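Trainee: I would like to learn how to read side-chain features in a model such as this one. Could you take me through them step by step?

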Amino acid sequence: MFTAAAESFLRQARAIQEDELRRFTARVSALLQGPEAGPEAVDGLQRLHLTVAATKYPRSDVYCDSCRLDGKFVELLQTVLCSPKSPEQIQVLCAAILREMSPCNDLILSCDEIQDTKLLSLVSSVLLAQENKGEVAAVGQRVVKVLERRLEGQSARFLLPVLANVISLSPESLTEEQTNVVSKKLADWLRYASMQQGMAQPSGGFFSSPRTKQPAPITEVDGAVATDFFTVLSVAQHYTEDQWLNVQTFSMLRNWLLCYGGKQLNTLNPDDKAGVDMSVTPMVPTTGRAGQQLPPRERLRDKALEYCQRLAEQSNRRPLKKEDGDLQKACLIEAVKIMDIICKQDSSYVCRAVSFLKVLHSRICGDATYARALLPIAQFFLNHSKLAAVDSDAIYKHLLTDIPAQLFHNPSLAFEFVQFCKDNSQLFTDSSSIFRQSFPNLFKFLAWNSPPLISEFVDLLPFLLDPGTAIEIFHLLLDLPCLTAALDIQLRAAALPASEKAVGDPAGKPATCLEAFRHPLYRDTFQYLLRTKAAPLDALDSLVPLRQLLGSLAGSPRVVQCAETVPVLLELFFRVVAEFADGSLINQLVVLLLQRSDQLYEIPAFKEDVYRVLGSQLAVLCRLRPALVVELSTEILEFSGAVSNIQSKEAIFSHMAWAVGEYLSVCYDRRCTVEQITRFFESLEAVLFEITQLRPQASTPSCAPRAISVLMATLTKLAARSQDLIPRVSMFLSKMRTFVQSPAVTSVYSEEDLEEILIRATELMNLLKTPSVAQFVFTPPPASTQFQREVNDSLPLALRMVTQFLEPAPGSMPV
């Protein structure tokens, strides 16, 4: 956050007018062309840099126009930048302003003749910001040429960041000869940096010692004198030039190997021969495994693997400073990633790396602070365990079992972990069953860190689903907000003092969620909800008391946010399951759908959204398997015969009633009998009568007009298939005019809704006057799809067809 003064200055910068900017640049220009650019010039350039940066992008809070500097002033900035007389601070500010203006049409800079590495670094940063591949290639060519020669009194460490930017923007800019030159230097900088500390620059003060001190040796993070080669984890008060190059080389090593470590490049300039490198003399001879000299690319891989193994060994030391401990972990992660790349590019390293990483894993797996390092180790074994013929299930099991259960509340780890699982979903499912069995653990990340992880789980969920996990995942999705609440309780219980962790009276009922967490009455259900692997719950009602107990947390922002992700994942769940579900699984899901609609966490908005999704997906399942209406007739009758369901779960009820009318037919299932049709008819007739009857001195139950329309259409469809029922439904439909005109009803429904109900009742009643036509309209063949739609869509089309059939066009011959 900016301070008030900084925010005020930013607003002024964004609101600067063109004439004011012109006067200001003229003043800065005069200062830069003076005999000596002093503090005033520095202050002016700093203000100008902020103005250019503040107006680079349009803002909605303050009117601002993009800061356009005069062409002559831009030329002056470039002249001052390249002038050897300019102070370094002035050069840095000129380069910063030119970068902020990029891409700039007035740029005349070139790096072709620059020898000074500091200046080359500044000019290159401006050229790379132009987003021009030609400029990027020119910078890359120049930097490599400067690195080729021996740098007398110059520092190569100013050029490695430039080279790292070049390979990020345009790796094809370098020829194969050039990459070989750089690879050789990188290998030497990695392996042969000095083992003595650098000397402090003499201050020249009165107390400076006239004696020349002997350089001190490099130490490890635990203070011990280093006995092996220098790495980024080696400690010194002052670093030498080659030690800085060592650190920079390691920082860009992974990208360099990815770009140039495993492929032959096409030579862009065949006449450009790489010279012999004389700038670094190895301390020991560099030979291959059989004594032969290794090519630069292979030699870099060899030295890089040694370096990474040394880092892993150094990470085992106890650091004297906390920041060194953080650095150890970051370097260990990077080292394992680099080893993975090396083994991908040269499989001869795999066995050597596998044995090393197995030992490393066994050393760090018990330390939760190294959890992030377990991800690249698991990635390595996913990529190489088959080639090395090693069993890696223990590594995957620990990763997927212990880490989510312990560290689900760490947001950065949660994102990296889920991203890792998403990226390796196919590898996991192909190589180990542990992945799918660990889904309850993985969902802890989403339960605690939603909605930031919802997009990752949208990609991940299809890999977790199969016929064996679908039912349990369905339950878990519906209970996801409960899981969030349970995780909250778990964390709070763990933070309690030891004196408060004792279990209370086992015979009494716990008063709070914290007390219930260890109470025998709830212990098993808490453990089930917080399980680490798949374990189907036998008794569906077992979690009901726990859901009620956790109701006190239903308003928690974290629980509410989690609840908002459930509908998205539910829709994806049914879409994926529809691809592999057989009849048995579909039947199971429909039964559970109806049962679980009564067993949801008490968040009103959550329940409404879930009912909407379950209703629409119920229609999809019935369309996939129409026979389920006959096979599950008992469960469907129990659900559709309850008036309370039409009022509280209208979305599910309407789709269920529609499915009964659509698929309870001998056309879809020869097991369908007249007795079944009659039984469904009588049940739904009773429900429609209950919600539309007009009782004296009684309020009319309010339910959605859509539900009334669907019930009328369903009863009509069933009557068309069992024509003995036609008089009953016709009489019922004829009374709908009285219903919609009743004052008690008009006070509940809108005029448009009542008109729609009456129109629908009239249309249905007219169709039933010709039973044979009604049977044709309401019992389409299964192959026809134009009638297999929501009745609100199909009925108008059917009515138009019947009208055309019964009323021939004028002039046509009667049949």
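This is a predicted model: local features need pLDDT of at least 70, side-chain atom pairs count only at pLDDT 80 or more; totals for chains, interfaces and linings use all residues.

Trainee: How many salt bridges does a search of the whole structure find?

Mentor: Side chains of opposite charge can pair when their charged atoms come close. Here the search of the whole structure finds 32 salt bridges, and one of them joins the side chains of Arg191 and Glu306, at 3.0 Å from N to O. Arg191 belongs to helix H9 (residues 176-191) and Glu306 to helix H11 (residues 296-314), so this pair ties together parts that are 115 residues apart in sequence. Glu306 is partly exposed, its relative accessible area being 22%.

Trainee: Where do Lys322 and Asp326 lie?

Mentor: Both lie in helix H12 (residues 322-345), four residues apart, which is about one turn of the helix, and their side chains meet in a salt bridge of 3.2 Å, N to O. Lys322 is exposed, with a relative accessible area of 65%, while Asp326 counts as partly exposed at 41%.

Trainee: Are Glu662 and Lys717 buried or exposed?

Mentor: Both are buried, and their side chains form a salt bridge of 2.8 Å, N to O. The pair links distant parts of the chain, with Glu662 in helix H32 (residues 650-663) and Lys717 in helix H34 (residues 705-721), 55 residues apart. Salt bridges that share partners also join Arg625, Glu631, Asp669 and Arg671 into one network.

Trainee: Which residues have the most contacts inside the largest nonpolar core?

Mentor: In soluble globular proteins, nonpolar side chains tend to be buried together. The largest nonpolar core in this model has 254 residues, and Phe443 and Phe573 are those with the most contacts inside it. Helix H26 (residues 557-580) supplies the largest share of this core, 11 residues. If neighbours within four places in sequence are set aside, the residues in contact with Phe573 include Leu461, Ile473, Phe474 and Leu589.

Trainee: What can be read from the buried residues of helix H8?

Mentor: In helix H8 (residues 160-169), the residues Leu160, Val162, Leu163, Val166 and Ile167 are buried. Seen down the axis of H8, the buried residues fall within an arc of 155°, so they line one face of the helix. They pack against helix H6 (117-128), helix H7 (133-148), H9 and helix H10 (241-260).

Trainee: Where is Ser450 found?

Mentor: Ser450 is in the loop between helix H19 (439-449) and helix H20 (454-464), and it is buried, with a relative accessible area of 3%. Apart from neighbours within four places in sequence, Ser450 is in contact with Phe445, Gln561, Cys562 and Thr565.

Trainee: How many aromatic pairs does the structure hold?

Mentor: For each pair one reads the distance between ring centres and the angle between ring planes. The structure holds 19 aromatic pairs. The rings of Phe229 and Tyr307 have centres 6.2 Å apart and planes at 35°, so the pair is tilted; Phe229 sits in the loop between H9 and H10 and Tyr307 in helix H11, 78 residues apart. Phe417 and Phe445, with ring centres 5.0 Å apart and planes at 40°, are also a tilted pair, and both residues are buried.

Trainee: Which ring does the charged end of Arg558 sit over?

Mentor: The charged end of Arg558 sits over the ring of Trp448, 4.0 Å from its centre.

Notes
Residues are numbered from 1 along each chain as its sequence is written. Side-chain values use heavy atoms; hydrogens and water are left out. A salt bridge is a side-chain nitrogen of Lys or Arg within 4 Å of a carboxyl oxygen of Asp or Glu. Helices (H or I, at least four residues) and strands (E, at least two) are DSSP runs, numbered from the N terminus. Buried means under 20% relative accessible area, exposed over 50%, partly exposed in between (1.4 Å probe, protein chains only). A nonpolar core is a set of buried Ala, Val, Leu, Ile, Met, Phe, Trp, Tyr and Cys residues joined through side-chain atoms within 4.5 Å. Contact means heavy atoms within 4.5 Å. The arc is that of the directions from the helix axis to the C-beta atoms. Rings of Phe, Tyr and Trp (its six-membered ring) pair if their centres lie within 6.5 Å; planes under 30 degrees apart count as stacked, over 60 as edge-to-face and the rest as tilted. A charge sits over a ring if NZ of Lys or CZ of Arg is within 6 Å of the ring centre and within 35 degrees of the ring normal.
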